[in-house]
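Have a look at the sequence and the fold, then we'll go contact by contact.

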Amino acid sequence: MANPWLLRSLYSTTKRSVSSSSRSFQHPLKTSVLQRIPNFSRQFSASAAASPASTVDAHVNVINPNNIRNVAVIAHVDHGKTTLMDRLLRQCGADIPHERALDNISLERERGITISSKVTSISWKGNELNMVDTPGHADFGGEVERVVGMVEGAILVVDAGEGPLAQTKFVLAKALKYGLRPLLLLNKVDRPSVTEERCDEVESLVFDLFANLGATEEQLDFPVLYASAKHGWASSTFTKEPAADSKNMSQLLDAVVKHVLAPKANLDTPFQMLVSMMEKDDYLGRILTGRVTSGVLHVGDRVHGLRITDSGVEKFEEGKVTKLMKKKGTAMVLVDGAGAGDIVSMTGLATPSIGHSVASVEVMTALPTVELDPPTISMTFGVNDSPLAGRDGTHLTGGKIGDRLMAEAETNLAINVLPALGESYEVQGRGELQLGILIENMRREGFELSVSPPKVMYKTENGQRLEPLEEVTIEINEEHVGLVMEALSHRRAEVLDMGPVPGHVGRTRMSLTCPSRGLVGYRSVFSSDTRGTGFMHRAFLAYEKYRGALGNVRKGVLVSMGYGPVTAHALMSLEARGTLFVNPGMDAYDGMIVGEHSRDTDLDVNPVRAKELNNIRSAGKDENVKLSPPRLITLEEAIGYVAADELIEVTPKAIRLRKRYLDANKRKIMRNRTKEF
C-alpha cells in the first residue's frame with residue numbers, strides 16, 4: 001500500500017508545477033472578479049513574510065501543529081482586551097489602521113464595546129498564534145462560550161486597580177470548564193493608584209477565584225505578568241516604567257508560547273472541523289470558521305456537513321471547498337491548505353451553521369456541539385401597526401421581520417427565535433443590551449417593528465417557581481449609597497458585601513444579588529441617581545427561588561388622545577402634569593405615550609390642541625411660550641421603561657412609546673378584565 005504522505009507530497013508537487021506553468025496567463029474575467037473581493041491579500045507583513053520555513057511542513061503545505069498556539073483573550077468589560085490585541089498585532093508587524101482595529105462593527109466603535117468574537121493570526125518566533133478576542137459584557141457571554149472550545153489557553157486580563165469583577169468570574173469559569181490554562185495579565189499597572197502591594201492583593205483574589213471555581217493544580221500554577229496595554233508593554237516583574245528596550249509585548253508573547261500547550265492534532269486521520277463562527281458574503285456565500293480537529297484540508301477537497309439530531313447523525317449537504325482563508329492581522333489571506341489544530345475559514349457549503357460539523361465525505365461522525373447557558377429574558381417582535389407606520393422604513397411585513405430574525409439566530413447561538421401569535425416572533429436572549437443591539441441593527445437596515453417589554457423566563461422545579469438571579473458589582477461615591485440602596489431594595493436586591501474601594505478615597509463598592517427582572521431598565525436610573533459617576537457590572541449567577549413582586553419602580557404615563565402635530569400651546573399646560581417626551585412639531589396619535597405622569601396612574605391628555613382663533617385680544621403671545629427641554633427616550637431606556645401593557649414603536653428615524661391598545665375604551669376594558677383575574 002502506498003504511503004499517504006508520499007502520495008500527498010506528489011500531489012502537492014504536481015499541483016505547484018501546474019500552477020506555475022499556467023501562472024503566465026490570467027483570464028481577464030477571473031482577474032476582475034478576484035479584484036472585487038474585499039480585504040483579500042496574499043501579503044501580510046514583514047514579520048509574517050520573514051517567518052522561518054520550519055513552521056510549514058513541506059510535505060502537506062500546512063503548519064506544523066507543534067508550532068501552533070490557540071489563545072483566547074478574556075476579561076471583564078473595559079479591562080483592556082481589545083487595546084491589548086491592538087498592541088499584540090502591532091508588535092508582530094501588522095498594519096493597524098486605527099485604534100480598536102478588531103472592532104469592525106459600527107455599533108462596536110460607537111459604543112466602545114466588543115459585541116462579537118473575532119479570530120486573527122500573528123507570527124512570533126517561528127510560531128503561529130491564533131488569537132481570539134472575546135466580548136466582556138455579560139449579555140454577550142454566548143460569544144465567549146462558543147469559542148473557548150477552539151483554544152488551549154487564555155490570557156485573563158484583570159484591571160490591577162479594580163480587581164476581578166462579576167464578568168471576570170463568568171469568563172474564567174467557562175475557561176476552566178474546558179480545561180484551558182490561563183495566564184494572568186494585570187493591566188493598567190501604570191496608574192498612580194496601583195502599587196505592588198495592590199497587585200499582590202489582586203493576584204491573591206484571582207487565585208481564590210480560581211480555587212472557588214474548581215481549578216486543577218495545573219491551572220492554579222498560572223504565570224503572572226504586568227502590563228500597560230495603553231502604552232504597549234508587558235513585563236514578567238512589577239514595574240511602572242520598563243527599560244526602553246523592554247517597552248513592548250515580547251515577554252507576553254514569549255509566555256504564551258512557553259505556557260500554552262500546542263494542540264493535540266493528528267494530520268493522518270480524515271478531516272473534521274466544528275463550525276464556531278459563520279458570516280455571509282454576497283460573493284463567497286457562507287464563510288465557515290472553526291478549528292480543524294483532525295486531518296488536512298485543501299482547496300478542492302470534497303466535504304459534507306453533519307449535524308446531531310434526535311435520531312442520530314444526519315448528513316445534509318455535500319460540496320467542494322472553493323476557498324480557504326486565514327485572518328492575518330486585519331486582512332483576510334488566502335491559504336492553500338490547513339491542518340489539524342489550526343483555525344481556518346472555508347467556503348463552498350451553503351447550509352452548515354454554527355454548531356454543525358464539516359468533515360471528509362468518508363466520515364459520518366459529528367463532533368459534539370458547545371453547550372450554552374439558557375436565555376434569561378424574551379421580547380416579542382411584531383409588525384408596526386401604528387397610524388404612523390410605513391413612513392420611514394422599507395421592510396414592514398412580518399415575513400421580512402421573521403427572515404431577518406432567523407438569519408440572526410443562525411449566526412448568534414445565544415438568541416432563540418420562536419413563532420408567536422399572528423405575524424410576531426418571540427426572541428429569547430441573555431439581556432436587554434443584547435436584544436437592544438439586535439433592534440438597533442434592524443432599524444438601521446430599514447425595518448419598522450413593534451417590540452414588547454422584556455419578560456423574564458422562569459423555571460419550575462419540584463413545584464417551585466425559580467427566576468434568574470444576577471451578580472451585581474457597583475462602585476459609587478459615598479453620598480449616593482443611600483439613594484442606590486433604596487432603589488435596589490424595591491427591586492428585590494440583597495447585599496452580599498460592601499466596603500471602600502482601595503486607592504480611591506470616598507468611593508464605595510457593593511456586591512449584590514438581584515433578580516434579572518429587577519435590573520431591567522435600572523441602568524438609566526442608576527446613571528441618573530449617581531450623576532454619571534457610578535459603575536455597575538452584572539453577570540448571570542443562577543436560577544433561585546422567586547423573590548416576590550417588585551416595588552413601585554415607575555410612575556404612570558401621559559397618553560395622547562389626539563392625532564396630528566404636537567403644539568407648543570398644548571404642551572405649555574401639560575408641563576405641570578409631569579415630564580414630557582415630545583417636542584412641538586412631532587407627530588402624535590391616539591394611544592401614544594407623550595410623557596411621564598407625576599403620579600402613579602395614567603392620564604389621557606391632548607398634546608395636539610391648537611390655540612383657538614377669535615376676535616378677542618389676548619394679553620399673551622405665542623412667541624412667549626417657553627418649554628423645558630423634553631426627555632428624549634433612547635432605545636435602551638425605552639426597553640427598560642415600558643410596562644406590560646405598552647409597546648415600543650421602532651422605525652429608522654424614531655423611537656416612540658405607545659399603549660398596546662390604542663383605543664382608550666379598549667384599554668379600560670382590558671384593565672378591568674385584568675383586575676378580575
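How many aromatic pairs does the count come to? It comes to seven, where rings of Phe, Tyr and Trp (its six-membered ring) pair if their centres lie within 6.5 Å, with planes under 30 degrees apart called stacked, over 60 edge-to-face and the rest tilted. One of them is the tilted pair F207 and F222, at 6.4 Å centre to centre and 40° between the planes. F207 sits in helix 8 (residues 196-212), while F222 is in the loop between helix 9 (217-220) and strand 8 (224-228), 15 residues apart. Helices (H or I, at least four residues) and strands (E, at least two) are DSSP runs, numbered from the N terminus. Ring pairs also bring in F210, so that F207, F210 and F222 make a cluster.

Before going on, a word on ground rules: this is a predicted model, so local features need pLDDT of at least 70 and side-chain atom pairs count only at pLDDT 80 or more, while totals for chains, interfaces and linings use all residues. Residues are numbered from 1 along each chain as its sequence is written, and side-chain values use heavy atoms, with hydrogens and water left out.

Now the charges. The structure holds 35 salt bridges, each a side-chain nitrogen of Lys or Arg within 4 Å of a carboxyl oxygen of Asp or Glu. K174 and E145 meet in one of these at 3.2 Å, N to O.

K659 is in strand 37 (residues 655-659) and D602 in the loop between strand 34 and strand 35 (603-605), 57 residues apart. K659 is buried at 2% relative accessible area, whereas D602 is partly exposed at 35%. Both belong to a salt-bridge network that links R554, D602, D645, E646 and K659.

Finally, look at E596 in strand 34 (residues 592-597). E596 is buried yet has no salt bridge, and the nearest side chain of opposite charge, R631, is 4.2 Å away. (Lys and Arg count as positive, Asp and Glu as negative; His and the chain ends are not counted.)

Methods. Buried < 20%, exposed > 50% of the residue type's maximum accessible area, 1.4 Å probe, protein only.
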